[in-house]
Amino acid sequence: VLDRHAGAPVPALASPPKTWRGTLRGELDETMRCNDLEWAWYDGTIYVSSPARIEALTLQERGIKAGPWVDTPLNPDWANAVKHLAEVLRFSPDGCLTTRNDLPVLVQDVRLLPDHTLSYRADVAGERRLHELFDLLQNPAAESGPATAVLNEQRVTGVIRDCAQLAQQAGQRNVRVVVKQDLDFPAQCFVARNTPLGLAFEWAARMQGQGLRNDAGALVMDTLPACYGPQEIRVIGLQEALKLAPADERILPQALIRHVKAWYPDLFAGVECHPVRGRIVLVGDMRHVFAVQRVRDELCADLRKAREKNQPLDVKAWKPAWREDLEKNLAEPFRGDGSGQMPAGTFVYLLRQSGQFTQVRDAMLAEPGLMRARAARAIPALDVKGKTLGEALAALAEAAGARLVVEDEALWFRAAR
């Protein structure tokens with residue numbers, strides 16, 4: 001039925017088959033979007049009109065079973081997450097489920113009833129999108145690894161001058177790299193220490209505000225949207241971890257979120273992450289998905305080792321071996337030159353050339369923009385007597401107008417916020 005007040009031509013639609021939801025939904029959505037219209041399936045009829053008239057026609061109380069995602073007995077964290085996601089659900093013009101505040105709300109008056117039904121008020125468009133969210137919870141998107149995984153068997157050490165240097169090393173493994181602009185790393189801002197080449201590429205891209213993607217067998221450094229897609233609701237499954245630690249089912253999603261944010265404090269700053277049964281739901285791009293997958297997979301590897309040794313593993317307190325080693329290194333007493341003073345000098349001299357930080361065992365990276373602006377900054381002598389290595393590094397960062405961040409197996413000097 002075409003509303004005579006719709007105000008735009010709409011192609012004739014064939015009678016919907018029994019499987020109309022799977023066969024016509026995408027075509028209908030695209031047709032309506034192009035004509036600034038909305039559609040509704042109501043009492044066996046497809047109605048087409050303006051969004052306001054469709055909403056007036058079909059806005060009503062509805063419900064959907066949330067039991068599989070909030071558990072029995074009720075898990076309050078999971079219940080709050082499901083309710084919150086319904087309340088903030090939006091649909092972007094480019095066809096993504098999201099939570100952007102600049103888009104209209106789809107679902108109102110959300111309540112979780114005692115029988116674990118999620119009660120809400122919405123029109124058919126809101127109902128469709130909420131069902132799409134629950135379909136995504138049931139069937140998360142197929143997983144893929146980062147584009148650099150093939151390079152991680154090779155390792156790189158030393159000063160990295162530019163992306164071409166990394167590309168040359170990748171070529172030794174018959175991997176073609178395309179860098180769309182000449183990107184350099186000034187003032188020794190990138191120094192690798194036995195770093196997997198694939199991880200070094202990820203760091204290089206991150207330092208330049210770029211991303212990495214596969215394109216016809218080539219590794220391409222490009223813009224973040226081109227490489228990692230839009231900011232949208234994404235779901236990561238935890239089935240393997242739950243098989244390895246079934247007794248931790250009710251705490252595992254939230255524990256894993258805490259670990260992810262500890263590994264990637266800057267990458268996940270401001271990123272929504274929610275635990276539901278056997279899943280983590282986040283609002284972000286594929287960088288965030290890859291990060292969660294990596295933390296989850298390392299936890300699974302350690303759970304397998306613990307099972308083989310017949311030893312328990314506390315998933316809340318767990319840390320990977322690299323993190324434990326890095327934290328032990330940072331907790332060592334700062335040696336420097338043994339005087340208890342860090343001598344005066346420029347930022348880059350103290351960081352790279354003075355020999356003050358030879359006891360650091362991991363890669364130290366600095367943002368290119370920070371080094372361009374601060375490499376030559378004069379730093380006065382600093383009193384570091386009785387300080388740990390981590391405290392001495394943080395004192396140097398503060399004196400240079402920077403901050404020290406532990407993220408993704410490296411020590412990062414980044415601009416102060």
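Biologist: Where is A187 found?
Modeller: A187 sits in the loop between β9 and β10 (190-196); strands here are DSSP runs (E, at least two residues), helices likewise (H or I, at least four), and both are numbered from the N terminus. This is a predicted model, so to speak of a local feature we need pLDDT of at least 70, while side-chain atom pairs count only at pLDDT 80 or more, and totals for chains, interfaces and linings use all residues. Residues are numbered from 1 along each chain as its sequence is written, and side-chain values use heavy atoms, with hydrogens and water left out.

Biologist: Why is A187 called partly exposed?
Modeller: Buried means under 20% relative accessible area and exposed over 50%, with partly exposed in between (1.4 Å probe, protein chains only). A187 has 32%, so it falls in the middle class. Q188, in that loop too, counts as partly exposed at 27%.

Biologist: What makes the backbone of A187 and Q188 worth a look?
Modeller: A187 has a positive phi of about 50° although it is not a glycine. Q188 does likewise, with a phi of about 55°.

Biologist: And what about the bond from T72 to P73, cis or trans?
Modeller: That peptide bond is cis, with omega near -5°. P73 lies in the loop between α4 (67-70) and α5 (76-88).

Biologist: What makes C96 and C273 buried?
Modeller: C96 has 8% relative accessibility and C273 has 14%, so each counts as buried.

Biologist: What makes β14 and β15 a pair?
Modeller: Pairing needs at least two bridges found by DSSP between the strands. β14 and β15 (residues 279-284) have 4 and run antiparallel, so they qualify. V276 has R279 as its bridge partner in β15. The hairpin has 2 residues between the strands, and G278 takes a positive phi near 70° there.

Biologist: Which strands form the open sheet?
Modeller: The order is β9-β12-β11, with mixed pairing. β9 (177-179) and β11 (211-215) are its edge strands, since each pairs on one side only. β9 runs parallel to β12 (residues 218-222), joined by 3 bridges, and V177 stands opposite L219 in β12.

Biologist: Which helix packs on this sheet?
Modeller: Helix α8 (residues 197-207) does, touching β9, β11 and β12; touching, or contact, means heavy atoms within 4.5 Å. Its direction makes about 125° with that of β11. Axes are lines fitted to C-alpha atoms, for helices over the stretch in contact, and angles run from 0 to 180 degrees between N-to-C directions.

Biologist: Why is α8 called largely enclosed?
Modeller: Because 9 of its 11 residues are buried. Among them are L197, F201, W203 and M207. Just after α8, G209 takes a positive phi of about 70°.

Biologist: What makes a group of residues a nonpolar core?
Modeller: The members are buried Ala, Val, Leu, Ile, Met, Phe, Trp, Tyr and Cys residues, joined through side-chain atoms within 4.5 Å. The largest core here has 90 residues, and F190, F268 and F357 touch the most other members. Helix α12 (residues 286-308) gives the most to this core, with 9 residues. A second, separate core has 27 residues, including W69 and L106.

Biologist: Which residues is F268 in contact with, beyond four places in sequence?
Modeller: The list is V260, K261, C273, L282, H288, A291 and V292.

Biologist: Last one: why does S119 count as buried?
Modeller: Its relative accessibility is 7%, so it counts as buried. S119 is in strand β7 (residues 117-122). Not counting residues up to four places away in sequence, its contacts include E61, R62, D109 and R111.
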